[in-house]
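The following questions and answers work through the arrangement of one protein model. Please keep the sequence and the structure in view while reading.

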Amino acid sequence: MRANDGSRTGGEVLVDQLVAHGVRHVFCVPGESYLAALDAFHDRDIAMIACRQEGGAAIMAEAVGKSTGRPGVCFTTRGPGATNAAHGIHIARQDSSPLVMFVGQVAREAREREAFQEIDFRAVFGSLTKWAPEIDDAARIPEIVSRAFYTAANGRPGPVVIALPEDMLTDRVIVADAPPFEPVEIWPGATDMMRLQKLLWAAERPIMLIGGSRWSEIACTTVMRFAERFALPVATTFRRGHLFDALHPCYAGDLGIGPNPKLIARIKAADLVIVVGGRLGEMPSQSYTLFDIPGPRPTFVHVHPSAEELGRVYRPHLAINAAPTAFAAALEGLEPPSTIPWRDGTPAAHADYLAWTETPKEMPGGVNFGEVIVWLREHLAPDAIICSGAGNFSAWIHRYYRFRRFATHMGPTSGSMGYGVPAAVAMKRLNPDRTVVCISGDGDFLMNGQEFATAVQHDLPFVVVLADNGQYGTIRMHQEREYPGRVVATDLKNPDFAAYARAFGGFGVTVEKTSDFAAAYAAAVRSGKPAIVHLKVDPEASTPTMSLTAIREKALAGRGE
Ligand SMILES: Cc1ncc(C[n+]2csc(CCOP(=O)(O)OP(=O)(O)O)c2C)c(N)n1
Ligand SMILES: [Mg+2]
């Protein structure tokens, strides 16, 4: 119950700051270390989702940050809770997603005694976050929470972890709320854009590669308009396919793992490469082989919201410190040359993309996972949201699904397994009227499969399409390549996933033939419950192009065995 003398507990001040900054959803696993903050949620209009593991809670917050551009928020308890959550914190770091995590901390007078579950937050989270403060004085909560929101969202977004000593949360203070946080835009200079215009006018084979965070629906459509006016081919980088309509005539494809060789050739032949938003990290750069480091051969333009990323790996000919949102708007001021030398190449780039992604290869086993993905691509609405984690199963998504709209793919560029289910919980919570589908592997699903219970509890009906090949298939593929025939720790004995769904109070169905998928998916949707469509996939179907046996035989042949 709130006091009427104008004073508030630290917990109340904290929750009021979240309200002030526009937070609508919070994800947590409760702890006795922050009871006063939990209590303050009782009287405030913020939806609280209690999760089953802090890794799930942090991923849900990360997914909110990834899809909205505003910090997602989660709460955990001290040592074991916070370290469980490190999974999601690392994703927010690598994926450049704004996130603020609050952690209940031991009381101030007990610090440094290794009190119950005490850890040194600054030391543990220092290298994973943009900032890891501890709030000692309840009167400073508005200041520090305000800074946390700006820090998480400014420049290159990322995570902030704030420790809250439990006795601080019960202190009473009289303090004003901070004004609402607003993300800070980063505009390119007029000179930058003029120089870009000149580079475009001098180019013969330019290409744009888009990725990273700090995009929006408007920015994506603005870049598409620019691409049209300039007939410019545009590719998206690893797990950022949703930034450009795959059916747009300028779309050249997905630059991730196992990309179209024709796209790679096109990028290698380009004389002007414009990288917008992303870092061009290890996956899209094809393990740093695509461009020379530090001096790329083609004229290299890098547009990034963080000054620190510019020149960090690639020395750009033109570095533009701007957020994709602002840069996209500034592109409206550029004029294409009167004749565009590369005009005829762009439809060819798009045709190459369509051909590469059209028809999945025949694969061993009753369920052809590629055909399942094609079925989803042809039947889901363009605004349906796909959530996925990491594993070879995701290669079929990247290859055959065609993302049409911003934030319709929630996937970890950090390659972290266990992302799909919690991300789907968050996306269904944010978008109750949209279709949300989680696509998981068997290993991937069980890393955070416990959040299926969260979906049931909060009545969030999404469908998990679970590709069960009875193995950590990606690692098995690497084993067969590097140590053919020597299988260690990659076989999985799995539960009956359809029964798992039912045991949790959801809907479950098992599919053993591709032709049964459509009916199973329809039944899952009809159930109105969180659902698992459990696909029995042959372990031989290792990648969209190669069987496990073919990978092993190739490796053995390479060794002359
Ligand atoms: C959190 C985490 N742990 C381990 C890995 C290493 N890893 C990458 S893929 C993979 C196996 C994925 O298995 P599954 O989800 O069954 O997908 P499959 O490759 O079989 O399709 C593993 C263990 C990882 N990327 N993330
Ligand atoms: Mg598997």
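A residue is called buried when its relative accessible area is under 20%. The model discussed here is predicted.

Q: How many of the 6 residues of strand S12 are buried?
A: Strand S12 covers residues 299-304. The strand is mostly covered, and the number of its buried residues is 5.

Q: Which residue of S13 does Val301 stand opposite?
A: Strand S11 (residues 272-276) runs parallel to S12 and is joined to it by 5 bridges; in that pair, Ile274 has Val301 as its bridge partner. S12 is also joined to strand S13 (residues 318-321), again in parallel, by 4 bridges. In S13, the residue opposite Val301 is Leu318.

Q: Which strands stand at the edges of the open sheet of 6 strands?
A: The strands of this sheet follow the order S15-S14-S16-S17-S19-S18, and their pairing is parallel. A strand at the edge has a single partner strand, so one of its sides is left without a neighbour in the sheet. The two strands in this position are S15 (409-410) and S18 (507-511).

Q: What is the bridge partner of Ile385 in S16?
A: Strand S14 spans residues 385-388 and strand S16 spans residues 436-441. The two strands pair in the parallel sense over 4 bridges. In S16, the partner of Ile385 is Val436.

Q: What angle does the direction of helix H13 make with that of S17?
A: Helix H13 (residues 369-379) packs on the sheet. The helix touches S16, strand S17 (463-468) and strand S19 (531-536). Its direction and that of S17 make an angle of about 165°.

Q: Across which strands does helix H15 lie?
A: Helix H15 is formed by residues 420-430 and runs at about 175° to S16. The strands that it lies across are S14, S15 and S16.

Q: Why is S17 described as largely enclosed by the rest of the structure?
A: In a regular strand, side chains alternate between the two faces of the sheet. In S17, Val463, Val465 and Ala467 point one way, while Val464, Leu466 and Asp468 point the other way, and all are buried. S17 is therefore largely enclosed, since the number of its buried residues is 6 of 6.

Q: Over how many bridges do S17 and S19 pair?
A: On one pairing, S16 and S17 run parallel and are joined by 5 bridges, with Gly441 opposite Ala467 of S17. S17 pairs with S19 in the parallel sense too, and there Leu466 has His534 as its bridge partner. The number of bridges between S17 and S19 is 6.

Q: How many residues surround ligand 1?
A: An oxygen atom of ligand 1 is 2.5 Å from an N or O atom in the side chain of Asp442, and for the side chain of Asn469 the corresponding distance is 2.9 Å. A polar backbone atom of Gly473 is 2.7 Å from an oxygen atom of the ligand. Asp442 and Gly473 are among the closest residues, and the number surrounding ligand 1 is 18.

Q: Is Arg239 buried or exposed?
A: Arg239 is placed in the loop between strand S9 (234-237) and strand S10 (251-255). Its side chain makes a polar contact with the side chain of His398 at 3.2 Å and reaches the backbone oxygen of Pro412 at 2.8 Å. Its relative accessibility is 4%, so Arg239 counts as buried.

Q: How far apart are the C-alpha atoms of Arg239 and Ser414?
A: These two residues are 175 residues apart along the chain. The distance between their C-alpha atoms is 9.4 Å.

Q: What is the relative accessible area of Thr408?
A: Thr408 lies in the loop between helix H14 (393-400) and S15. A polar atom of its side chain lies 2.6 Å from the backbone oxygen of Arg405. Thr408 is buried, and its relative accessible area is 1%.

Key
Residues numbered from 1 in each chain as written. Chains lettered and ligands numbered in written order. Predicted model: local features only at pLDDT ≥ 70, side-chain atom pairs only at ≥ 80, totals over all residues. Heavy atoms only, no water. Pairing = 2+ DSSP bridges. Contact = heavy atoms within 4.5 Å. Axes fitted to C-alpha atoms, helices over the stretch in contact; angles between N-to-C directions. Buried < 20%, exposed > 50% of the residue type's maximum accessible area, 1.4 Å probe, protein only. Near = heavy atom within 4 Å. Polar contact = N/O pair within 3.5 Å; in protein donor to acceptor, adjacent residues only side chain to side chain.
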